[in-house]
Amino acid sequence: MLSQLEQIEKKALADLESVKNEGSLAEWHVAHLGRNAPIMQVFDKLGQLAKDERPVIGRRANEIKRTLEAAEAERSGQLRQAALSQALQSERLDVTMPGRQVPHGRLHPSTRTLRRIIHIFAEMGFQVYRSHDVETDEYNFQLLNFPPFHPAREMQDSFYMAGDYPKNNPLLLRTHTSPGQIRSMREYASMDPKNPPPIRIVLPGMCYRYEQISARSEIQFNQVEGLAVGEHITFSDLKGTLTDFARRMFGAQVRSRFRAAHFPFTEPSAEMDIECFVCGGMGCPVCKRTGWLEILGCGMVHPVVLQNGGYDPRRFSGYAFGMGSERVAMLIHRIDDIRNFWMNDLRFLEQF
Ligand code: DAH
C-alpha cells in the first residue's frame with residue numbers, strides 16, 4: 001500500500017512538471033486532487049484497511065496530499081510569474097530609440113523678409129495698408145503721372161485683362177505697389193476732405209510684370225511701398241527714415257548713399273544704395289565690384305500725385321519709397337537666382 005502511495009505522488013509530481021499553463025493546471029488538479037483522484041480514493045478505502053495499517057497509511061496519504069497542494073500552489077505562482085514577464089517583455093519600451101519626427105512647417109523666405117521689413121517700419125510708426133492686386137490703368141499709371149507713351153504701359157510689359165473695358169482704362173495686374181499711394185491718399189482724404197489727416201503707411205504686396213523669366217527677373221514678386229504725407233515733410237525726413245531702416249535691416253554700421261534717379265511719380269527722385277555687406281565696400285561679385293548694393297527707389301511725392309490723391313500740394317508734401325522684398329532676401333541670404341522663390345523646391349525652402 002505504501003509503495004502504491006509513493007507511485008501516486010511520483011506520478012502526480014511528474015505530471016505537474018509538464019503543466020505549462022493555467023488551463024492544464026486545472027486539469028491536473030481534477031486528475032490528482034479532485035474527488036476521484038487516486039489519493040482521494042486512498043482516503044475512501046482507509047476504512048477497509050487493517051487497524052494497525054490505518055494510521056500509517058492515513059498519515060502518509062495526508063502528507064502526500066499536502067505536498068501535492070503545495071506543489072500546485074508553487075506551480076501556479078510560477079505560471080503567473082512567467083505570464084507577467086512575457087507581457088512585460090512584449091510591451092518593453094526602449095527609451096533610447098530616436099523619436100518620430102514631426103515635420104515643421106515654416107514661413108516662405110519671401111514672407112519672412114516681407115514681415116521683417118514691415119516690422120521695422122511698424123516700429124517707426126508706419127501702419128500697413130493693403131491695396132488691390134488687380135488695378136485699373138488709371139491707378140497703376142495715369143494718376144501716378146506716367147505719360148501715355150511710357151514703355152511700362154506697353155502690352156508687352158504688363159498683364160492686361162482680356163475683356164470689354166474702356167479703351168483708355170483697361171484692367172491689369174498691378175506692376176508695382178505704387179497705385180496703393182493714390183488709393184490710400186483718397187481714402188484718408190475722404191475722412192475729412194478740407195483737412196486730410198497725415199499718412200504714414202507701408203503697402204506690401206505681390207506685383208506682376210510680363211517679363212522674360214531669368215535668374216534676375218520673375219513675372220511675380222513682392223514689393224513694399226512706403227508713403228508719408230503731412231504738412232512739413234522734407235527730403236531729410238526721407239533720408240533719415242530710410243537710413244535708419246537700412247541700419248535696422250542690414251546692421252548698425254552699414255553705410256548708405258542716395259543717388260539721383262527718375263520716377264514719374266516723385267520729384268526729386270533717388271535710389272538708395274547700401275554699402276555691400278558681403279565685402280564691406282571693397283568690391284566683390286555680389287556688388288559687381290562697385291562696393292554698393294541698390295536697395296530701393298524713393299523720392300518726394302510729385303505735386304500732381306498729391307493732387308490726384310486729394311492732398312493740396314501747396315499745403316502738403318510727402319515722400320514715398322518702394323523696394324522689392326525678394327531682392328532684399330536675395331542679398332541677405334546670398335540667393336543668386338530669383339526663380340528659386342516660386343519653384344516650390346523643398347531643398348531650397350527648408351534652408352530658411
Ligand atoms: N514703383 C517703383 C518700381 O516699381 C518703385 C518706386 C520708386 C516706388 C520710387 C516709389 C518711389 O514709391 O518713390 O520700380
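1. Basis of the note. The model is predicted, so local features need pLDDT of at least 70 and side-chain atom pairs count only at pLDDT 80 or more, while totals for chains, interfaces and linings use all residues. Residues are numbered from 1 along each chain as its sequence is written, and side-chain values use heavy atoms, with hydrogens and water left out.

2. Helices H1 and H4. Helix H1 (residues 2-17) packs against helix H4 (residues 53-90) at an angle of about 5°, and their axes are 10 Å apart. Helices are DSSP runs (H or I, at least four residues), strands likewise (E, at least two), numbered from the N terminus. Axes are lines fitted to C-alpha atoms, for helices over the stretch in contact, with angles from 0 to 180 degrees between N-to-C directions. H1 and H4 are therefore roughly parallel to each other (angles under 35 degrees).

3. Residues at the H1-H4 contact. On the H1 side, the residues include Leu-2, Leu-5, Leu-13 and Leu-16; on the H4 side, they include Val-56, Ile-57, Ile-64 and Leu-68. Contact means heavy atoms within 4.5 Å. By class, the contact of H1 with H4 has eleven nonpolar, one polar and six charged residues. Ala, Val, Leu, Ile, Met, Phe, Trp, Tyr, Cys and Pro count as nonpolar, Asp, Glu, Lys and Arg as charged, and the others, Gly among them, as polar.

4. Glu-135. This residue lies in strand S2 (residues 134-136). Glu-135 counts as buried because its relative accessibility is 0%; buried means under 20% relative accessible area, exposed over 50% and partly exposed in between (1.4 Å probe, protein chains only). The side chains of Glu-135 and Arg-183 form a polar contact of 2.9 Å. Beyond residues up to four places away in sequence, Glu-135 also touches others, among them Asn-140, Pro-170 and Arg-174.

5. Ligand site. The ligand is surrounded by 15 residues, the closest being His-176, Ser-178, Arg-209, Gln-223 and Glu-225. A polar side-chain atom of His-176 is 3.0 Å from a ligand nitrogen atom. A side-chain N or O atom of Ser-178 also lies 3.0 Å from a nitrogen atom of the ligand. For Gln-223, a side-chain N or O atom is 2.9 Å from an oxygen atom of the ligand.

6. Pro-268. Strand S7 (residues 266-275) contains Pro-268, which counts as partly exposed at 39% relative accessibility. Pro-268 and His-302 are 34 residues apart in sequence, yet 8.0 Å apart in space, C-alpha to C-alpha. Leaving aside neighbours within four places in sequence, Pro-268 contacts Phe-235, Cys-298, Gly-299 and Met-300.

How values were computed:
Angles under 35 degrees count as roughly parallel, over 145 as roughly antiparallel, 65 to 115 as roughly perpendicular and the rest as oblique. A polar contact is a pair of N or O atoms within 3.5 Å; within protein, one must be able to donate a hydrogen and the other to accept it, and residues adjacent in sequence count only if both atoms are side-chain atoms. A residue is near a molecule or strand if one of its heavy atoms lies within 4 Å of it.
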